[in-house]
Amino acid sequence: MKKNILLLLAIFLASVASYAQQATATLNHNDIITTFYGIGALVEAHNSAAPGDVITLSSGQFTAPTITKDNLTIIGAGMDGDAIRMEPDSSKWVLPTILVGDFKLGVSGNVFYGSITLKNLVINTLYLHQSYFGNNPSIIAERCFFKSYLVSTGYGVSARVSYTLYNCSGFFGEVKRINAVNSYISLGRYTANCQDGIYTNCIVKLDSRTDVSCYISNSTLSNCIVFKGGGAKTFSNGVLCQNTLYIGDETDAFSGVTAVNCWSATDSNIFKEGTYYELIEEIAQKYLGTDGTEIGIYGGAHSFSPTPIGPRITRCDVAPKTTPDGKLSVHIEVGTAQ
């Protein structure tokens, strides 16, 4: 923890000295810090990185890179902002880090085979092209918001990508080989299937169009809420549901499924107005998870929050001018998210 705080202070002081108003990316390679500035800073940091490096971003907008380096970690300042606002007090809002443009895995001539770890980011478009990545690349995301999803040259692209999502929210065409915890997942656009997944305290919304094949198969759902209306049957073969609420128009949604203590409803008005999928008290008390807490993204041991985990700047006072010897006085406080 002490080492992390010192690195954070070094990064911040380097930014404050002359580039306080710019979007900033810092590249940590073997504890050597290199700083880049401006909307293209993340692309420059990625191009200079080696496999296993860590890139830390300030709040602000950055051009999304095409990932060709394996095992990188990209850490932003937060997934909050105008997309998800959890606090009525504006001083507590987590200012977001937004990746604009298409966030791609691999490029022609440089196929991506590895993994990427993403934290505290808003990703405008996750773009997957089946010719540019190899078998079984993985996306590990913590407290990220995926605003949209694009896929190129075929519906089966996602079958070769595995996802680990923790406190995330996003829109996908389909997901296969996924482990999601306290996350909101909206599926649509293409085949909109959930296959080979483990979902714990999640909200899963399947596209309700009749011209799209939408279903969950070969998956385990615990303490979840599933929305579906119209189209194919919601649950297909190989599904285990525990303490899960289905909301839709099927009269027997759990038929053919191993269902333990599950429920069906038709009324989708179960959330508090003006909140991000917080259950109304009646529903929160009526439908309980396997651990006795409410189902959905605020139940369990990892209640949904957009607030980053780990050391972060909680206060900064910068002197209006330098001292006679050319130094700038900066007072900062570093704390951890609550």
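Predicted model: local features only at pLDDT ≥ 70, side-chain atom pairs only at ≥ 80, totals over all residues.
Q: Where does Thr 244 lie?
A: Thr 244 is in the loop between strand 22 (240-242) and strand 23 (245-248). Strands (E, at least two residues) and helices (H or I, at least four) are DSSP runs, numbered from the N terminus.

Q: Is Thr 244 buried or exposed?
A: Thr 244 counts as buried because its relative accessibility is 0%. Buried means under 20% relative accessible area, exposed over 50%, and partly exposed in between (1.4 Å probe, protein chains only).

Q: Which residues does Thr 244 touch?
A: Not counting residues up to four places away in sequence, its contacts (heavy atoms within 4.5 Å) include Leu 221, Cys 224, Phe 254 and Trp 263. A polar atom of the Thr 244 side chain also lies 3.4 Å from the backbone nitrogen of Cys 224.

Q: Turning to aromatics, how many pairs are there?
A: The count comes to 13 aromatic pairs. Rings of Phe, Tyr and Trp (its six-membered ring) pair if their centres lie within 6.5 Å; planes under 30 degrees apart count as stacked, over 60 as edge-to-face and the rest as tilted. The rings of Phe 145 and Phe 171 have centres 6.5 Å apart and planes at 65°, so this pair is edge-to-face.

Q: Which strands hold Phe 145 and Phe 171?
A: Phe 145 is in strand 11 (residues 145-146) and Phe 171 in strand 14 (residues 169-172), so the pair ties together parts that are 26 residues apart in sequence. Phe 145 is buried at 8% relative accessibility, whereas Phe 171 is partly exposed at 35%.

Q: Which residues have a positive phi without being glycine?
A: Among them are Asn 182, with a phi of about 45°, and Asp 196, with a phi of about 55°. Most residues other than glycine have a negative phi.

Q: Where are Asn 182 and Asp 196 placed?
A: Asn 182 is in the loop between strand 15 (175-181) and strand 16 (184-187), and is buried with a relative accessible area of 1%. Asp 196 lies in strand 17 (residues 193-200) and counts as partly exposed at 40% relative accessibility.

Technical notes:
Residues numbered from 1 in each chain as written. Heavy atoms only, no water. Polar contact = N/O pair within 3.5 Å; in protein donor to acceptor, adjacent residues only side chain to side chain.
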